[in-house]
Amino acid sequence: RTRLSHDLPRQAEPVLTPPPMTPIRLDRTQARAAVLAAQGLHSPRGELVPTVERSGFLRTLGGVEVYLAARARVPAMTSKALETATAERRLQVVPTVRGCMYLVAARDVPVSLRTADLLGRARLQKEREKAGIKRGELEKLGDVVVETLTKSGALTTDALRKALPDDALRSLGDKGKKVGLSSPLPPALRVLEFAGRVERTLETGRLDSERYRWRATTKNTLAAADLPDELAELSPRLAEIFLRAAGIARIDD
């Protein structure tokens with residue numbers, strides 16, 4: 001084999017073309033059954049975290065709906081169990097697809113944050129320009145924020161603002177007011193969260209609230225995930241999560 005591999009001309013690697021997909025046609029009842037089964041609603045049972053991993057992100061708007069959605073899939077779940085899993089970071093409330101807040105399993109936090117980051121970069125850039133935020137200003141402020149949170153522990157945005165050094169934060173004046181920003185702190189926190197350097201926790205421990213505290217991360221799971229920096233390259237990961245949760249999809253989708 002060795003002699004032949006040197007003597008014969010090198011051949012091109014074969015190109016493997018997957019066979020064309022044949023659509024499966026389902027009537028409405030069958031389609032509903034497939035979706036209910038994928039969502040864990042057809043025969044709800046099992047443990048909380050594996051169920052969320054399998055059935056996908058649970059939308060949370062600061063109301064009771066996230067409790068109802070989880071309970072529908074895990075009937076034995078108590079509200080305390082959901083809050084404990086969140087406090088232990090086995091489940092986390094993070095921005096993700098469509099820039100909205102969802103409760104997601106810990107393993108999907110990196111892809112969720114990167115998705116929200118990529119979807120919101122153009123908006124953040126426009127916000128910076130309109131508010132008069134200087135190049136590198138958010139990154140410089142971010143370093144001070146992480147240092148402050150590391151020393152003080154988790155803080156609300158208001159408490160963090162008060163804990164920062166006097167010269168760390170400046171007013172954005174009338175320019176900032178036009179885009180709803182009084183200071184560079186909110187966008188700086190967004191940049192830090194998308195970089196995996198800070199994370200949000202629930203101020204009261206309950207999920208029917210939109211009040212958060214920020215804390216410095218001890219381990220940057222986003223950096224360790226080695227995710228692509230282009231939405232097109234990230235899309236297959238999102239498609240995998242979506243199709244597992246949806247159960248079915250149209251070929252066009």
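Biologist: What should I know about the model first?
Modeller: The model is predicted; local features need pLDDT of at least 70, side-chain atom pairs count only at pLDDT 80 or more, and totals for chains, interfaces and linings use all residues. Residues are numbered from 1 along each chain as its sequence is written, and side-chain values use heavy atoms, with hydrogens and water left out.

Biologist: Why are α7 and α10 called roughly perpendicular?
Modeller: Helix α7 covers residues 137-152 and helix α10 covers residues 185-194. Their axes cross at roughly 75° and come within 9 Å. Roughly perpendicular means 65 to 115 degrees (under 35 is roughly parallel, over 145 roughly antiparallel, the rest oblique). The α7 and α10 pair is therefore roughly perpendicular.

Biologist: Which residues in α7 and α10 meet?
Modeller: Leu138, Leu141, Gly142, Val145 and Val146 in α7 meet Leu185, Pro187, Ala188, Leu189, Val191 and Leu192 in α10. Contact means heavy atoms within 4.5 Å. By class, the α7 contact with α10 has ten nonpolar residues, one polar and no charged. Gly counts as polar under the classes used.

Biologist: What is the angle between α4 and α5, and how is it classed?
Modeller: Helix α4 (residues 65-73) and helix α5 (residues 79-87) pack at about 105°, with axes 10 Å apart. That makes α4 roughly perpendicular to α5. Val66, Tyr67 and Ala70 in α4 meet Ser79, Leu82 and Glu83 in α5. The α4 contact with α5 holds four nonpolar, one polar and one charged residues.

Biologist: How do you know that serine 55 is buried?
Modeller: Buried means under 20% relative accessible area (exposed is over 50%, partly exposed in between; 1.4 Å probe, protein chains only). Serine 55 has 4% relative accessibility, so serine 55 counts as buried. Serine 55 sits in helix α3 (residues 48-55).

Biologist: What surrounds serine 55?
Modeller: Leaving aside neighbours within four places in sequence, serine 55 is in contact with Ala38, Gln39, Arg73 and Ala245. A polar atom of the serine 55 side chain lies 2.7 Å from the backbone oxygen of threonine 51.

Biologist: Why is proline 165 called partly exposed?
Modeller: Proline 165 has 39% relative accessibility, so proline 165 counts as partly exposed. Proline 165 lies in the loop between α8 (157-163) and α9 (173-178).

Biologist: What does proline 165 contact beyond its neighbours within four places in sequence?
Modeller: Proline 165 is in contact with Val144 and Thr148. The C-alpha atoms of proline 165 and threonine 148 are separated by 8.8 Å, although these residues are 17 apart along the chain.

Biologist: What makes β1 and β3 a pair?
Modeller: Two strands pair if DSSP finds at least two bridges between them. β1 and strand β3 (residues 101-105) have two bridges, in the antiparallel sense. Leucine 58 stands opposite leucine 103 in β3.

Biologist: Why do β1 and β2 stand at the edges?
Modeller: The open sheet of three strands has the order β1-β3-β2, with antiparallel pairing. β1 (58-59) and β2 (91-95) each have a single partner strand, so one side of each lacks a neighbour in the sheet.

Biologist: What makes strand β4 mostly covered?
Modeller: Five of the five residues in β4 (residues 198-202) are buried. Val198, Arg200 and Leu202 point one way, while Glu199 and Thr201 point the other way.

Biologist: How many bridges join β4 to β5?
Modeller: Five bridges join β4 to strand β5 (residues 212-216), and the two run antiparallel. Glutamate 199 stands opposite arginine 215 in β5.

Technical notes. Axes are lines fitted to C-alpha atoms, for helices over the stretch in contact, and angles run from 0 to 180 degrees between N-to-C directions. Helices (H or I, at least four residues) and strands (E, at least two) are DSSP runs, numbered from the N terminus. A polar contact is a pair of N or O atoms within 3.5 Å; within protein, one must be able to donate a hydrogen and the other to accept it, and residues adjacent in sequence count only if both atoms are side-chain atoms.
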